[in-house]
Amino acid sequence: MSELEIWGGLECTVARIRDTYVDQTLLNGHEHRPDDLDRFASLGIARIRYPVLWERVAPDGLDHADWRWTDERLGRLRTLGVRPIAGLTHQGSGPRHTSLLEPSFATGLADFAARVAERYPWLDAYTPVNEPLTTARFSGLYGFWYPTPGTRPASCACWSTRHGRPGCP
């Protein structure tokens, strides 16, 4: 039997509400507290779901990506022996130039994922799309988050573009 591991995570949703982004990493203070990582490690956390979010790293496209924060944080986790589970979208709709209603969302996310894998070849676990049904409901069906149409067909479109295949759950 394998040894039991403690896994953790932090709230890192970047929700787009109309044209405003609400970034939980800023609101909860973690953005400016790198020593949180030492605290996580001191708790015995072996793996942590950690933000490598498309809309934070490359809000203006991959050609203008800013990896500094992510480099620092993932490097520190690696030094501490805490293995990250890289979250690429966390209940988010991607950068401003994307839309969950467009098929290009899935290919854009795939391109971002490839860049992450190239930059951090030592990462071995990812959450490409966190809570896809929650995002589809809040973005498409309820109309709270971008693109905010508030219809069942839009909810299905949001779900299917995040997965790169047609259909509705």
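This is a predicted model: local features need pLDDT of at least 70, side-chain atom pairs count only at pLDDT 80 or more; totals for chains, interfaces and linings use all residues.

Author: Tyrosine 50 belongs to strand E4 (residues 45–51) and tryptophan 69 to helix H4 (residues 68–80), and the pair, 19 residues apart, links distant parts of the chain. A pair of aromatic rings is described by the distance of the centres and the angle of the planes. The ring centres of tyrosine 50 and tryptophan 69 are 5.9 Å apart and their planes lie at 10°, so this pair is stacked; planes under 30 degrees apart receive that name. Tryptophan 69 has a further neighbour, for arginine 56 lies over the face of its ring, at 4.7 Å from the ring centre.

Another arrangement is found in the pair of tyrosine 120 and tryptophan 122, which is edge-to-face. Here the distance is 6.4 Å centre to centre, with 80° between the planes. Tyrosine 120 counts as buried because its relative accessibility is 4%, and the limit for that word is under 20%. Tryptophan 122 has a relative accessibility of 26% and therefore counts as partly exposed. Tyrosine 120 and tryptophan 122 also belong to a cluster linked by ring pairs, together with Trp54, Trp67, Phe105 and Phe112. For the structure, the count comes to six aromatic pairs.

An arginine is placed over a ring elsewhere as well: arginine 47 lies over the face of tryptophan 7, at 5.8 Å from the ring centre.

Tyrosine 142 lies in the loop between helix H6 (132–141) and helix H7 (152–163). With a relative accessibility of 40%, tyrosine 142 counts as partly exposed.

Threonine 13 is located in the loop between strand E1 (6–9) and strand E2 (14–17), and it counts as buried because its relative accessibility is 6%. The side chain of threonine 13 is joined to that of glutamate 11 by a polar contact of 2.4 Å, and to that of histidine 90 by a polar contact of 3.4 Å.

Notes
Residues are numbered from 1 along each chain as its sequence is written. Side-chain values use heavy atoms; hydrogens and water are left out. Helices (H or I, at least four residues) and strands (E, at least two) are DSSP runs, numbered from the N terminus. Buried means under 20% relative accessible area, exposed over 50%, partly exposed in between (1.4 Å probe, protein chains only). Rings of Phe, Tyr and Trp (its six-membered ring) pair if their centres lie within 6.5 Å; planes under 30 degrees apart count as stacked, over 60 as edge-to-face and the rest as tilted. A charge sits over a ring if NZ of Lys or CZ of Arg is within 6 Å of the ring centre and within 35 degrees of the ring normal. A polar contact is a pair of N or O atoms within 3.5 Å; within protein, one must be able to donate a hydrogen and the other to accept it, and residues adjacent in sequence count only if both atoms are side-chain atoms.
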